[in-house]
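Reader: I am new to this one. Can you show me the structure and take my questions on the terms as they come?

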Amino acid sequence: MRIMFEQTGGLMGRKTSLNVELDSLPDAQARALRLLLNQAGFNLPDLPPADDSVRDQFHYKLQVESGAYTQSVQTGDTSMPDALRPLIEELTRLARSQQST
Amino acid sequence: MHVHHSVLCITPPHMLNQIIRNGTDEQRNLAQRTLLDSQAMRARRDTLRQRLASTLPVQVGAGKNRVVYDAQQGSQLPGVKIRGEGEQPSEDPAVNEAYDGCGSTYDLFFFAFNRDSIDNKGLKLISTVHYQQGYDNAFWDGEQMVYGDGDEDLPITQRLFNRFTKSLDVIGHELTHGVTQHEANLAYTNQPGALNESMSDVFGSLVKQHQRKQLADQADWVIGEGLFTSNVNGVGIRSLKAPGTAYNDSILGKDPQPAHMKDYVNTVEDNGGVHINSGIPNHAFYVVARELGGFAWEKAGRIWYKTLTEKLNANSSFADTANLTYQAAAELFGAGSLEQKAVKTGWAEVGITLAEEVANNEGCFSSVMRSLGLRS
């Protein structure tokens, strides 16, 4: 299973991304991400958020590929469903950690 | 004996009225007498304003109504209320920075432009600090400001960002998004979006300059001062003075902002590069302020404020803004004034020609062609 994640926008307008194969991660980390993916159940339209009056928020793009199955979602800080938030926060943390190492 | 109260005699009428409404008896009497005194000593304005501010810490700007909440590292807004207007400082520096930063922003708009808060009707200034964990950002959600703590969740050696309330110009930037929303309401895409961002940078920088009482040539013109940790090679996230030079770092890369139309970045990311191309109008403003000298909010700031609140619309382009600032300068300072010439210079330095010049040049071209019998 592969996860492709992008965070864009924000006050700085910078892109931070993560492209990770779950099998390449340590077991505990892969298990944690699978759990968050299951909890997220992101059956949402793959459209950018339309928060017309929000300025400088982050936008997120997430694509999960597993065999022939692909699912993607776009969301923003203020429009994100609660169920998706723990997954997005964890992917953001991983992306930020990786850029600094 | 008539005592000449120099503290108040340079004070603009709107401020005197505010003091009359909200000051102590002594201050009220002083302000009333001053309003009757027609011999305003404009040349001493700044010294006197500083003294006024020091004597009226609470009464002046009494329209201020600030509330700071704590999201406690979650995402629910506004969170738990920590500090309201006039309440004692918190033990939490982020709370006090948000509170004080809102105050400084209110003061710029009130004292320099006679504006009462974001909506010019005394709107409550709501801030939430400690939004999420490891949140490298601050945003305006349409009703309030939201601030993250930066990279507090990473090891010190990996941290790039400090908490976002540390930067006064960032606080001014976010609040100005509210002002723009209530005025021109510039669309958040392509050139109108970059103008929206630029207005926030311009007034964000002016908030800091006003708070520090800095002249244009003393200011750093940086947005995001203090935001980076010592692990980053950079002074902030943007520079109005020299777009493209704010940072050049092994992890963050190089500041991508252009300072000239020839380098305009066409992209679909970030709503058409709203945080990138804002460098162009940002630099135009800087040049105008540089040309005029003195306090940037007094002339360049007034021209931009008038343009934002009276002339721009949701779809205004860079060229529209250039022409409208030129018009605003004529209305405020006179056609052909030094201020109007400075506006022309500002836009010329970023590669934008005013419509008036285009028309004049076309007129010259047409007359030459006509004299040669090549055009009717």
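Reader: What makes up chain A, in helices and strands?

Author: Chain A has two helices and four strands. From the N terminus their order is β-β-α-β-β-α. Keep in mind that this is a predicted model.

Reader: How much of chain A is buried?

Author: Buried residues account for 48% of its 101 residues. Chain A exposes about 4800 Å². Carbon and sulfur atoms supply 48% of that area.

Reader: What share of the contacts in chain A join residues at least 24 apart?

Author: The share is 59%, among contacts between residues at least 6 apart in sequence.

Reader: Why is D56(A) called buried?

Author: Buried means under 20% relative accessible area. D56(A) has 1%, so D56(A) counts as buried. Its place is the loop between α1 (27-40) and β3 (58-66) of chain A.

Reader: Is N120(B) buried or partly exposed?

Author: The cut-offs are under 20% for buried and over 50% for exposed. N120(B) has 37%, which lies in between, so N120(B) counts as partly exposed. N120(B) lies in the loop between α5 and β3 (125-129) of chain B.

Reader: Where is S75(B), and why is S75(B) called buried?

Author: S75(B) sits in the loop between β1 (66-70) and β2 (80-84) of chain B. Its relative accessible area is 18%, under the 20% cut-off, so S75(B) is buried. Leaving out residues up to four places away in sequence, S75(B) touches R85(A), E89(A), Y131(B) and Q132(B).

Reader: What makes the pair of S75(B) and Q132(B) a polar contact?

Author: A polar contact needs N or O atoms within 3.5 Å, one able to donate a hydrogen and the other to accept it. The side chains of S75(B) and Q132(B) make such a contact at 3.3 Å.

Reader: Which peptide bond is cis?

Author: A cis peptide bond joins L77(B) and P78(B), with omega about 5°. P78(B) is in the loop between β1 and β2 of chain B. Most peptide bonds are trans.

Reader: Why is H283(B) called buried?

Author: The relative accessible area of H283(B) is 11%, under 20%, so H283(B) is buried. H283(B) belongs to helix α9 (residues 279-292) of chain B.

Reader: Which backbone oxygens lie by a polar atom of the H283(B) side chain?

Author: The backbone oxygen of L240(B) lies 3.0 Å from a polar atom of that side chain. For the backbone oxygen of K241(B), the distance is 3.1 Å. Beyond four places in sequence, the contacts of H283(B) also include P243(B), A259(B), E349(B) and V350(B).

Reader: How many residues are in the largest nonpolar core?

Author: That core has 81 residues. Those with the most contacts inside it are L108(B), F113(B), F203(B), L206(B), W221(B) and W304(B). Helix α5 (residues 93-113) of chain B gives the most, twelve residues. Apart from this core lies another, of 28 residues, among them A30(A), L36(A), L62(A) and Y135(B).

Reader: What does F203(B) touch?

Author: Neighbours within four places in sequence aside, its contacts include L108(B), F109(B), F113(B), W304(B) and L308(B).

Key
Residues numbered from 1 in each chain as written. Chains lettered and ligands numbered in written order. Predicted model: local features only at pLDDT ≥ 70, side-chain atom pairs only at ≥ 80, totals over all residues. Heavy atoms only, no water. Core = buried A, V, L, I, M, F, W, Y, C linked by side-chain atoms within 4.5 Å. Buried < 20%, exposed > 50% of the residue type's maximum accessible area, 1.4 Å probe, protein only. Contact = heavy atoms within 4.5 Å. Areas by Shrake-Rupley, 256 points an atom, 1.4 Å probe, with all protein chains shown as cover.
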